[in-house]
Amino acid sequence: MSFVRLPFRFTRLTRSATRSSWRPTAIGSRYMSQNINRDSTMGKAAVPLDIEPSRLTVTKTMSPKVLPPSKSLIFGKTLSDHMLRIRWTEATGWEAPSIEPCESYRFRRNFYRYVSSYVLVGTINLSPSATVIHYAQSLFEGMKAYRHEDGTVTMFRPDMNMKRMNTSAQRLALPTFEGNALLECIKELISLDRQWVPKEPGHSLYIRPTLIGTNGTLGVAPPTEALLFVITSPVGPYYPRGFKPVPLHGTTEYIRAAPGGTGAYKLAANYAPGVVAQKSASKQGYAQNLWLHGPEHWLTEVGTMNLFAVIKDKDVTELITPPLDGMILPGVTRDSVLALARNHVSGVKRLEGLPDVMKVSERPINMGEIIQSSKEGRLIELFGTGTACVVTPVDRIGYNGGDVMIPTGKDGMGPVSKPLWTELVGIQTGVIKSDWNYVVAQ
Ligand SMILES: Cc1ncc(COP(=O)(O)O)c(C=O)c1O
């Protein structure tokens, strides 16, 4: 816990606004299944418990923050008022979830009443020997909540994030959990902070569930204690001034993932080594790394996005993405783009603007094929997909000392990515009805 003395003016304002709200509230009664398996003689859990939404408690912040103007939002800089926290120990399993203030100041007056201060609450205390610090026992997820025109707040396919989070947890020997139970708790968090879901088009509330090993030990072993927490942050559109295609650096001197490694999981350890590679690409005038694998320079991912190429062969337009071979993160956006394109091909739902004759392939593709199709005028476009941007068009690839030019459309997007993007964003913002939307608040 840190103690911070704030200027007098700030002290008075925040205090009066929030005094009454510092009270934990159990919301357990709302959930009927209070199925806590306890040993009545010992008072200890007989079987380690799973996450129980029925045990969720809510402690509201005493000093609500001021939501910054949407125009000034910088990705990930502003955290909303509350966070979700669930501790786990090997002996007891998942403890009661709690929603608490997140990085907020609490007024504190000392016994003699003439010295007062603000205390920073809603932080995380760790042992200096916590395994997350030394051995990167950490994984995370990234998803978004959107506000629809009628005020409804939804999340986009969060079940997939819960599934991926559990897969990542298994890979790190961190505890797994019932995905729906965590989702119930996240729903409560977003419902409480719903004013943090921006109203402006293209804006959303970014949600970051994180799981870390917290036990203090310098031995490398499976964690015996862990902490799952969820923070949220309002974000603006990825492209505030329209689509801007990005140049990629075909990267072979660094790798993001290798066979048998951890590229298919969303582990914190996958991201730190990419920073130097990104810096190097940026120094050479490129926005992102195009991660190339092996002597054949197979295309894998773009920065922190999945990758799609579109190549025409006679009358057939082929949408290609590398297969989930253990090196590729199974992106929610990737899966959604594939599903929409396959529905178009099969006729389940035709999308206006997509080519009539299309083929959807999850298959390896290397730089040789990109260069060849580019030379023959058959390379139609290349784009990245991810939660943050939905779609990012690419206009060139720096490779072997030269640049491979990629066609882009008038407004920056290509003929295949544009209709797919339009449909996806239409669903996420509630303009198009879809069971991919999970309602958080109405
Ligand atoms: C390495 C990597 N690949 C792909 C993606 C895209 O995944 P999603 O569509 O689930 O956001 C991400 C984004 O989180 C990522 O970090």
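**View 1. The start of the chain in this predicted model.** In this predicted model, residues 1-45 are a stretch over which pLDDT stays under 50, and for these residues the model has 58 contacts beyond four places in sequence. Where pLDDT is low, the predicted coordinates should not be read in detail. For the chain taken as a whole, the mean pLDDT is 88, with 87% of the residues reaching 70 or more.

**View 2. The overall fold of the chain.** Eight helices and 23 strands make up the secondary structure of the chain. The chain has 442 residues, of which 39% count as buried. If one looks at the contacts between residues at least 6 apart in sequence, 69% of them join residues that are at least 24 apart.

**View 3. The shell around the ligand.** The ligand is surrounded by 13 residues, and the closest of these are T304, G331, T333, G386 and T387. Three elements, namely β17 (305-313), α6 (332-346) and β20 (379-386), each give two or more residues to this shell. The largest share comes from α6, which supplies three residues.

**View 4. Helix α3 and its buried side.** Within α3, the buried residues are P158, N161, M162, R164, M165 and S168. These residues lie on the same side of α3, because the arc that they cover around the axis is only 165°. Helix α3 runs over residues 158-171, and at 1.5 Å a residue its 14 residues should span 20 Å, which agrees with the 20 Å between its end C-alpha atoms. The helix is followed by A173, a residue whose phi is positive, near 60°.

**View 5. Helix α8 and the elements packed against it.** Helix α8 is mostly covered, since nine of its twelve residues are buried. The buried residues of α8 are S417, K418, P419, L420, W421, E423, L424, I427 and Q428. They pack against the strands β10 (143-147), β11 (153-156), β20, β21 (390-399) and β23 (437-441), and also against helix α6. Both α6 and β20 also give residues to the shell around the ligand. After α8 comes G430, whose phi is positive, near 85°.

How values were computed
Residues are numbered from 1 along each chain as its sequence is written. This is a predicted model: local features need pLDDT of at least 70, side-chain atom pairs count only at pLDDT 80 or more; totals for chains, interfaces and linings use all residues. Helices (H or I, at least four residues) and strands (E, at least two) are DSSP runs, numbered from the N terminus. The expected span of a helix is 1.5 Å times one less than its number of residues. A residue is buried if 20 or more other C-beta atoms lie within 10 Å of its own, exposed if 12 or fewer, and partly exposed in between; C-beta atoms are placed from the backbone. The arc is that of the directions from the helix axis to the C-beta atoms. A residue is near a molecule or strand if its C-beta atom, placed from the backbone, lies within 6 Å of it. pLDDT is the predictor's confidence in each residue, from 0 to 100. Two residues are in contact if their C-beta atoms, placed from the backbone, lie within 7 Å.
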